[in-house]
Amino acid sequence: MPIPHYDVVAGIIQHEGKILCTQKGLGKHVYTSFKYEFPGGKVEPGETADSALYREIKEETRLEVQIGNRYHVLLHDYPDFRITLTAYLCRAAHIETLKLTEHIHHQWLYPAQLRELDWAAADWPIVEKISGDTSLRP
Ligand SMILES: Nc1nc2c([nH]c(=O)n2[C@@H]2O[C@H](COP(=O)(O)OP(=O)(O)OP(=O)(O)O)[C@@H](O)[C@H]2O)c(=O)[nH]1
């Protein structure tokens, strides 16, 4: 059987210089369970990347964000599937509505602090890029 390939969009949601990091709970796969990731998910047929990202972020966090530039694109092979992961810079003007509906925990961290978390394997190139990106510093 061919290995499934998913198109995944993720939001680097910025608010007052910090970035929203969300932790998955126990899932189908041990290698992504309890890992940190950026809110987002799979692009469904007929959706644009932007509309999928806006929908997923609202479903998962109740935040309504402004989606900005595409920040990084990568291909990652997990043992049972592969993803094209596209991360977009996003801004949340208000975070009072934040409510996690799928994740078990969240943290707002400054870019240089992101490395301290246990990220999904696919996310590390994005995390490293953010950590060294002076344009994201407050
Ligand atoms: N939203 C999001 N998903 C990511 C990131 N990094 C990463 O590997 N992924 C993976 O991309 C897939 C996103 O699909 P999804 O959000 O629709 O998750 P799902 O519940 O269907 O997946 P699951 O059942 O494997 O947990 C998941 O397998 C997730 O683990 C990330 O930064 N953000």
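Two residues are in contact if their C-beta atoms, placed from the backbone, lie within 7 Å. Helices (H or I, at least four residues) and strands (E, at least two) are DSSP runs, and they are numbered from the N terminus.

Now, what are we looking at? This is a predicted model, in which local features need a pLDDT of at least 70 and side-chain atom pairs count only at pLDDT 80 or more, while totals for chains, interfaces and linings use all residues. Residues are numbered from 1 along each chain, as its sequence is written. The predictor's confidence in each residue is called pLDDT and goes from 0 to 100. For the protein chain the average is 97, and 100% of the residues score at least 70. The model's ipTM is 0.96, and its pTM is 0.96 as well.

Let's start with the helix. H1 covers residues 49-61, which makes 13 residues. From its first C-alpha to its last it reaches 18 Å, close to the expected 18 Å. That expected span is 1.5 Å times one less than the number of residues.

Which residues of H1 are buried? They are Ala 52, Leu 53, Tyr 54, Glu 56, Ile 57 and Thr 61. Buried here means that 20 or more other C-beta atoms lie within 10 Å of the residue's own; 12 or fewer makes it exposed, and anything in between is partly exposed, with C-beta atoms placed from the backbone. And what do the buried residues of H1 pack against? The answer is four strands: E1 (5-15), E4 (40-42), E5 (66-77) and E6 (82-91).

Arg 62 is not a glycine, yet its phi is positive, about 65 degrees. It counts as partly exposed because it has 14 C-beta neighbours inside 10 Å. With 14 other C-beta atoms within 10 Å, Phe 34 is partly exposed.

On to the strands. We say that two strands pair if DSSP finds at least two bridges between them. With E4, the pairing of E1 is antiparallel, over three bridges, and Val 9 stands opposite Gly 41. E1 also pairs with E2 (residues 18-23), antiparallel, over two bridges. In E2, Gln 14 has Ile 19 as its bridge partner, while His 15 stands opposite Lys 18. Two residues sit between the strands in this hairpin of E1 and E2, and Glu 16 takes a positive phi there, near 50 degrees.

Follow E2 onward and you meet two further partners. Five bridges join E2 to E7 (residues 105-109), and these two run antiparallel; Ile 19 stands opposite Leu 109. E2 also pairs with E3 (residues 36-37) in the antiparallel sense, over two bridges, with Gln 23 opposite Tyr 36.

A general point while we are on strands: in a regular strand the side chains alternate between the two faces of the sheet.

Now please find Val 73, in strand E5. Is Val 73 buried or exposed? Val 73 counts as exposed, because it has 11 C-beta neighbours inside 10 Å. Leaving aside neighbours within four places in sequence, Val 73 is in contact with Thr 84 and Thr 86. Thr 97 is 24 residues from Val 73 along the chain, and their C-alpha atoms are separated by 29 Å.

Last stop, the ligand. How many residues surround the ligand? There are 17, and the closest are Gly 27, Glu 37, Gly 40, Gly 41 and Ala 122. A residue is near a molecule or strand if its C-beta atom, placed from the backbone, lies within 6 Å of it. By class, the shell has eight nonpolar, five polar and four charged residues. Ala, Val, Leu, Ile, Met, Phe, Trp, Tyr, Cys and Pro count as nonpolar, Asp, Glu, Lys and Arg as charged, and the others, Gly among them, as polar. E1, E4 and E6 come back here, as each supplies at least two residues of the shell around the ligand.
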